Amino acid sequence: MRVLARLFEVNHDIGIPSNRKIFQVMMEILIDPDRPGDFNQALMDLGSDIEAPVNPRPEESPVKDFSAAYQNGTMDVYPIKAPKKKPMPIYLKALVVRNDRGQYLLEKNESEKLLAGFWHFPLIEVDDFSQDEQFDLFNQVSEERRAFGPSPQESFQQDYDLEVNWSQQVFDQVKHVFSHRKWRIQILAGQVSNSKQFLDREVRWVSPQEFSDYPIAKPQQKIWQAYKTALEDEDLQ
C-alpha cells in the first residue's frame, strides 16, 4: 500500500480497513496477468528497500518517472496514516466477594457492550483513584467521604442487598488494554456469611473449581490471578 500511495498520491488513510479496497482495485488494474507472482514480489521488494517507511531513496526508484509523490516532492506525506489515539483510561473497582462456602460472586454481562456474554466479578466505574489516595493520606472520617457519594463498597451492598465484611488487604493494580480503552482496576475483597440467591438477574455463587465452566474474559482472569497471588503471599508470611 505504501508504494501505491506514493505512486498515485492516494489521499486515503491506509490505517482504515475499509480503505484497503481502494488499493485492491488498483492492484487488480496494475498487476501483470501473466506474471502476478513476480509483480507482487517486485512490489514488496520495492516497499521494503527503496520505498521503505524510514529513509526512503526515491531517487533510486525504478518508478520515479511516473511517481506522483516523487514528482511533486511529497514522499514524506504519503502514505497517509493518522496516528493511533491513545486508549482512554477507565478506572474500575473490582468487587471480589466470597461466601462462607468458598464460592465467589460472578455476574453475567448481559449488555450489548464490551465483553457481552462473559461472566465477571462485579465492576464499578469511578472517576479515578486519586480521591481514595487523599482519604487514605489524611485518614478522613466516613462522614466526609459521604460528601462525595456512596463508596464502591456501599454501592455494591445496596445493589446486591448483601452485608459484606470488607478486607483491608491491598492488592496489585490490574491493567488491561483494549484498542480504545485502558482499564485500571483496583480490587476490593470481602466476605459474606450467607449465600443469597439472585432470581431476578444472572448472578451466581461459583467455586474456583467451577470457573472453567463459565466464559471469563482476560481482564477478569487477571483480577483473579492478582487476588489469588496476594492471598498466597499472605499465607507465606
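Colleague: Let's start with Val25: buried, partly exposed or exposed?

Modeller: Val25 is partly exposed, at 45% relative accessible area; buried is under 20%, exposed over 50% and partly exposed in between, with a 1.4 Å probe and protein chains only. This is a predicted model, where local features need pLDDT of at least 70, side-chain atom pairs count only at pLDDT 80 or more, and totals for chains, interfaces and linings use all residues. Residues are numbered from 1 along each chain as its sequence is written, and side-chain values use heavy atoms, without hydrogens and water.

Colleague: Which helix is Val25 in?

Modeller: Val25 sits in helix α2. Helices (H or I, at least four residues) and strands (E, at least two) are DSSP runs numbered from the N terminus.

Colleague: Which residues make the nonpolar surface patch?

Modeller: Phe8, Val25, Ile29 and Leu30 make it, about 380 Å² in area. Helix α2, residues 20–30, supplies the largest share, three residues. Patch members have over 30% relative accessible area and no salt bridge; nonpolar side chains (Val, Leu, Ile, Met, Phe, Trp, Tyr) are joined within 5 Å, like charges within 9 Å. A salt bridge means a side-chain nitrogen of Lys or Arg within 4 Å of a carboxyl oxygen of Asp or Glu.

Colleague: Switching to α7. Which residues are buried there?

Modeller: Pro152, Phe156 and Tyr160 are buried in α7, which covers residues 152–160. They line one face of the helix, because they fall within an arc of 50° seen down the axis of α7; the arc is taken over directions from the helix axis to the C-beta atoms.

Colleague: Why would that spacing put residues on one side?

Modeller: An α-helix has 3.6 residues a turn, so residues three or four places apart point the same way.

Colleague: What do the buried residues of α7 pack against?

Modeller: Strands β1 (88–98), β2 (104–108), β4 (123–126), β5 (165–166), β7 (181–191) and β8 (203–206), with contact meaning heavy atoms within 4.5 Å. After α7 comes Asp161, with a positive phi near 55°.

Colleague: How many aromatic pairs in the whole structure?

Modeller: The search finds 13. Rings of Phe, Tyr and Trp (its six-membered ring) pair if their centres lie within 6.5 Å; planes under 30 degrees apart are stacked, over 60 edge-to-face, the rest tilted. One of the pairs is Tyr104 with Trp224, edge-to-face at 5.1 Å centre to centre and 75° between the planes. Tyr104 is in strand β2 and Trp224 in helix α8 (residues 218–236), 120 residues apart.

Colleague: Tyr104 itself, buried or exposed?

Modeller: Tyr104 is buried, at 4% relative accessibility.

Technical notes: Areas by Shrake-Rupley, 256 points an atom, 1.4 Å probe, with all protein chains shown as cover.
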